Amino acid sequence: MRLSRFFLPVLKEVPGEAQIVSHRLMLRAGMIRQEAAGIYAWLPLGHRVLKKIEQIVREEQDRAGAVEMLMPTLQLADLWRESGRYDAYGPEMLRIVDRHERDLLYGPTNEEMITEIFRAYSRSYKDLPKLLYHIQWKFRDERRPRFGVMRGREFLMKDAYSFDLDEAAARMSYNKMFAAYLNTFQRLGLKAVPMRADTGPIGGDLSHEFIILAETGESEVFCDARLVEMGAPGLDLDFDGDLQPVVDARTALYAATDEMHDSARFEAETPAEHRVSARGIEVGHIFYFGTKYSEPMKAVVTHPDGQDRPVHMGSYGVGVSRLMGAIIEAHHDENGCIWPESVAPFGVGIINLKAGDAETDQACQDAYDALTLAGKEPLLDDTDARAGGKFATMDLIGLPYQLVIGPRGLKEGKAEVKVRATGERHELSLADAVARLAEGAFS
RNA sequence: CGGGGCGUAGCGCAGCCUGGUAGCGCAUCUGCUUUGGGAGCAGAGGGUCGUUGGUUCGAAUCCAGCCGCCCCGACCA
């Protein structure tokens, strides 16, 4: 992409409403525009990142054996009356009436709908297990939206739903999502720690929040440092095998959000040098809820013994749009964003220091073509802005690498590669710089 | 939903207390000079002061309602 054709409205001054760093940087880098409280337009740069995050989430769901579908944003109120949640949900639910005076709602989640879909087609234990997901916009009319996209009213969410014969089988579905989430967040450049969450009236041990540690996190968390450093199981994990050891390894050590925190247990179970108390951002939540919806909504299957029983369900959410804020919270400096390569809106930023100079233009064009061919998705700053501004903008939008090309260096056939994360600069021949960027040698 | 605050040019703000027809910085446009880390000079354009009503000879300024937004708290992917 050429910057001259792109739409990148960067802000030198920070709009006053933004308090936390990810919100400020997203506004400054021209990634989002607020249209109403908690409702944002995704400008081209932000949209590119959003799509990359979404795609990684999708790939890891698919790898775990979940099946993608897409449910509508608008739902019939009658569906929610079946589960009793239409009245229970309160003003957080956005209610809409259509021209026929039918009650609709903009879905805050999809348990009812997926249960309705499942029950319409499934009759036998032979239809189980099933693991379905979609990635769709949700709306929750938060009393107080804040932190930009981290707590918006409209948000993009991946939600998966599992259907199993009994709790033991449901645990296997749960474990698949548990492992898939670890891989997902690792690919996104995040260290996510699973923390035991409140299971409410269901009870049991099958609910975890996935929390990333960040100074600006919304809630206080406590955990064992060894948990933070524990890697993900890896993309070669056999999701059809026994995943219990994977889960056990990550649930043996202490980790709790403040509402589940027990300081006596924390001190008893965790040596002082491993105790971490920090702030965290919830980016995922997995939950087994048994027959909470299948029973009132009559989603039953016939078991081998001939008896009909409600299916055991779980739901598994990832806040896709929220993740963008979380990633920036985890990866930024005073100059701007520092995108992990996996989600960077462009792979390399090429800075033409003297647009209009025939030789420099040509060198930039050649580098651009070569990097495009190598799949690096370069962004070429071909505008006639001053050098200082170009450097500042490139740092702000946080592309992992910058290739700086100007007439002064070109006289000796040289160009400069800057690694955004570390700030280190390499002066090399232009051909070398392009070749090394193409092969990912600076990673 | 309780408590607090703010709406004046695209963005950041001053002016309001003590009423007299609007200003600063950045951005934008023009010209010249500059040109390797957010340039300099000169000039120009841009605002029914959130909105409705009231008080007044006169309202950005005082009063009331409404709308929008932000912060702290309680609640949530």
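Reader: Which residue of β6 is the bridge partner of L76?

Author: L104. First, some ground rules. This is a predicted model: local features need pLDDT of at least 70, side-chain atom pairs count only at pLDDT 80 or more, and totals for chains, interfaces and linings use all residues. Residues are numbered from 1 along each chain as its sequence is written, chains are lettered from A and ligands numbered from 1 in the order in which they are written, and side-chain values use heavy atoms, with hydrogens and water left out.

Reader: What makes β4 and β6 a pair?

Author: A strand is a DSSP run of E with at least two residues; a helix is a run of H or I with at least four, and both are numbered from the N terminus. Two strands pair if DSSP finds at least two bridges between them. β4 and β6 (residues 103-106) have 3 bridges, in the antiparallel sense. That meets the cut-off, so they pair.

Reader: In what order do the strands of that sheet run?

Author: The order is β4-β6-β5, an open sheet of 3 strands with antiparallel pairing.

Reader: Why are β4 and β5 called edges?

Author: β4 (74-76) and β5 (94-97) each have a single partner strand, so one side of each is left without a neighbour in the sheet. From one strand to the next, the twist averages 35°. Such angles run from 0 to 180 degrees between N-to-C directions; the axes are lines fitted to C-alpha atoms, for helices over the stretch in contact.

Reader: Which strands make up the sheet of 5?

Author: The order is β20-β19-β21-β22-β23, an open sheet with mixed pairing. Its edge strands are β20 (378-381) and β23 (425-429), each pairing on one side only. Here the twist averages 20°.

Reader: How many bridges join β22 to β23?

Author: 5, and the two strands run antiparallel. V417, for example, has H426 in β23 as its bridge partner.

Reader: Which strands does α12 touch?

Author: Contact means heavy atoms within 4.5 Å. α12 packs on the sheet and touches β19 (348-352), β20, β21 (401-405) and β22. The direction of α12 makes about 175° with that of β19. Helix α14 (residues 430-438) also packs on this sheet, touching β19, β21, β22 and β23. The direction of α14 makes about 120° with that of β23.

Reader: Is S162 buried or exposed, and how do you know?

Author: Buried means under 20% relative accessible area, exposed over 50%, partly exposed in between (1.4 Å probe, protein chains only). S162 has 0%, so S162 is buried. S162 sits in strand β8.

Reader: What makes the link between S162 and Y316 a polar contact?

Author: A polar contact is a pair of N or O atoms within 3.5 Å; within protein, one must be able to donate a hydrogen and the other to accept it, and residues adjacent in sequence count only if both atoms are side-chain atoms. The side chains of S162 and Y316 are joined at 2.7 Å. So the distance passes the limit.

Reader: What form does the peptide bond from L128 to P129 take?

Author: The bond is cis, with omega near -5°. P129 is in the loop between α5 (111-121) and β7 (130-139).

Reader: How many residues surround RNA strand B?

Author: 40, and the closest are R144, G152, E282, R408 and G409. A residue is near a strand or molecule if one of its heavy atoms lies within 4 Å of it. α12 gives the largest share of this surface, 7 residues.

Reader: How do the residues of that surface divide by type?

Author: Into 12 nonpolar, 10 polar and 18 charged. Ala, Val, Leu, Ile, Met, Phe, Trp, Tyr, Cys and Pro count as nonpolar, Asp, Glu, Lys and Arg as charged, and the others, Gly among them, as polar.

Reader: Which part of RNA strand B lies 2.7 Å from a polar backbone atom of A37?

Author: A phosphate oxygen. For G406, a polar backbone atom is 3.0 Å from a base oxygen. For R425, a polar side-chain atom lies 3.3 Å from a base oxygen.
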